Amino acid sequence: MASLRDIKSRITSTKKTKQITKAMQMVSAAKLNRAEMNAKSFVPYMEKIQEVVGSIANGSSGGSHPMLESREVKKTGYVVITSDRGLAGAYNSSVLRHVYRTINERHNSTDEYAIIVAGKVGLSFFKKRGMPVVESIVGLSDQPAFADIKDIASRTVGMFEDGAFDELYLYYNHYVSAIQQDLTERKLLPLTDIETGGGKSLASYEYEPSEEEILETLLPQYAESLIYGALLDAKAAEHASRMTAMRSATDNADDLIGDLTLSYNRARQASITQELTEIVSGAAALE
Amino acid sequence: MNTLKVSVVTPDGPVYEGEAELVSVKAKSGELGILPGHIPLVAPLTINAVRFKNGADTHLLAVSGGFVEVRPKQVTILAESAELPSDIDVERARAAKERAEQRLDQAKQDNVDFKRAELALKRAINRLDLAGK
């Protein structure tokens with residue numbers, strides 16, 4: 001059995017760890033609230049832009065644009081959203097594992113794909129495995145503004161337009177609730193399945209100056225906002241995931257402290273009993 | 001007097017909601033004045049100020065990178081960024097203007113950087129113009 005002092009020091013260290021995990025849990029809870037609000041304030045923009053894109057893309061005149069048409073796939077782009085910091089449970093590993101497996105199944109050589117990654121964890125994961133990372137964002141704030149990611153989003157969309165790759169997939173954790181985050185795979189480009197907002201009757205618009213020119217500005221903006229939306233969603237999921245991970249860490253620390261306190265008390269009692277027996281037997285020997 | 005419902009939304013959230021008798025925007029094809037009862041229309045906007053007029057009140061907004069969606073009773077502006085004059089960070093805009101000007105001096109005409117710097121300069125000037133009013 002461990003000595004009294006050993007047990008005591010383990011209890012203190014576990015208590016300290018518990019304080020840290022508890023603090024992290026509360027910080028994540030606060031950040032989750034903010035991230036949820038950000039994701040919510042993005043919704044009206046997304047709905048509106050989707051409505052307009054949908055009504056143009058499904059319009060009778062059928063405006064065409066390279067971003068709407070599927071072409072032969074020579075190279076595939078993958079946008080992967082991870083976090084900068086760990087300690088978020090399975091948040092990063094589930095995304096990375098899935099992407100890694102998918103890429104290995106689909107491609108035989110590194111020339112066939114390129115990766116755009118957000119977050120340090122993902123960046124080092126792909127670098128370590130020698131996979132081609134063409135763009136990356138690290139050190140993104142917990143409440144990213146659109147301006148922060150505008151550059152990389154428009155470069156990514158630009159690469160598709162230039163033909164650097166012929167399709168673009170997006171991988172991230174979708175925030176469902178504080179205890180559930182779903183891994184999401186989404187085909188971003190070409191825009192083949194545009195939701196039209198529940199199929200309600202759409203106004204037919206006049207286009208000024210022309211449909212093609214509207215698509216020219218509208219579609220890149222739409223694709224960029226899809227990336228931004230995914231990022232906000234992923235941020236909320238990250239905080240939720242970290243909060244859950246830290247809560248279970250705190251609970252585990254509580255259990256551990258309980259067990260240790262029990263064995264500490266047992267050891268203490270045992271040593272007292274032993275001392276008493278020694279005293280009594282010593283006194284008995286003198287009689 | 002009839003009014004239009006006006007809303008300006010950006011990826012960072014709604015910026016402005018209100019009523020207006022006249023909405024004046026600068027589209028790529030030229031200035032556009034929108035009154036209630038306009039036919040449905042979509043037009044891309046230039047980096048410029050948008051004016052909302054309601055009675056004696058006129059509201060101004062610095063808008064960059066977006067388009068306007070018009071319906072008979074409603075005008076929606078979808079922009080990458082939009083700011084009320086009171087929200088404009090003058091210091092930042094001025095710094096951005098200088099940076100953009102420097103870059104314009106160095107970069108070559110047909111360069112991608114040149115175009116980006118040009119856009120940044122436009123945005124900065126637009127913001128400074130509005131904040132000064």
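Mentor: Two terms to start: strands (E, at least two residues) and helices (H or I, at least four) are DSSP runs numbered from the N terminus, and two strands pair if DSSP finds at least two bridges between them. This is a predicted model, where local features need pLDDT of at least 70, side-chain atom pairs count only at pLDDT 80 or more, and totals for chains, interfaces and linings use all residues. Residues are numbered from 1 along each chain as its sequence is written, and chains are lettered from A and ligands numbered from 1 in the order in which they are written.

Trainee: How many bridges join β1 to β4 in chain A?
Mentor: Five; β1 (residues 76-81) and β4 (residues 167-177) of chain A run parallel. Within that pairing, Tyr169(A) of β4(A) is the bridge partner of Tyr78(A).

Trainee: In what order do the strands of that open sheet come?
Mentor: The order is β3-β2-β1-β4-β5 in chain A, with mixed pairing. At the edges are β3 (133-137) and β5 (180-189) of chain A, each pairing on one side only.

Trainee: OK, chain B. How many helices and strands?
Mentor: Chain B has two helices and eight strands. From the N terminus, its elements run β-β-β-β-β-β-β-β-α-α.

Trainee: And what share of chain B is buried?
Mentor: Buried residues are 34% of the 133 in chain B, where buried means 20 or more other C-beta atoms, placed from the backbone, within 10 Å of the residue's own.

Trainee: What does the C-alpha trace of chain B span?
Mentor: About 50 × 30 × 25 Å along its principal axes.

How values were computed
A residue is buried if 20 or more other C-beta atoms lie within 10 Å of its own, exposed if 12 or fewer, and partly exposed in between; C-beta atoms are placed from the backbone.
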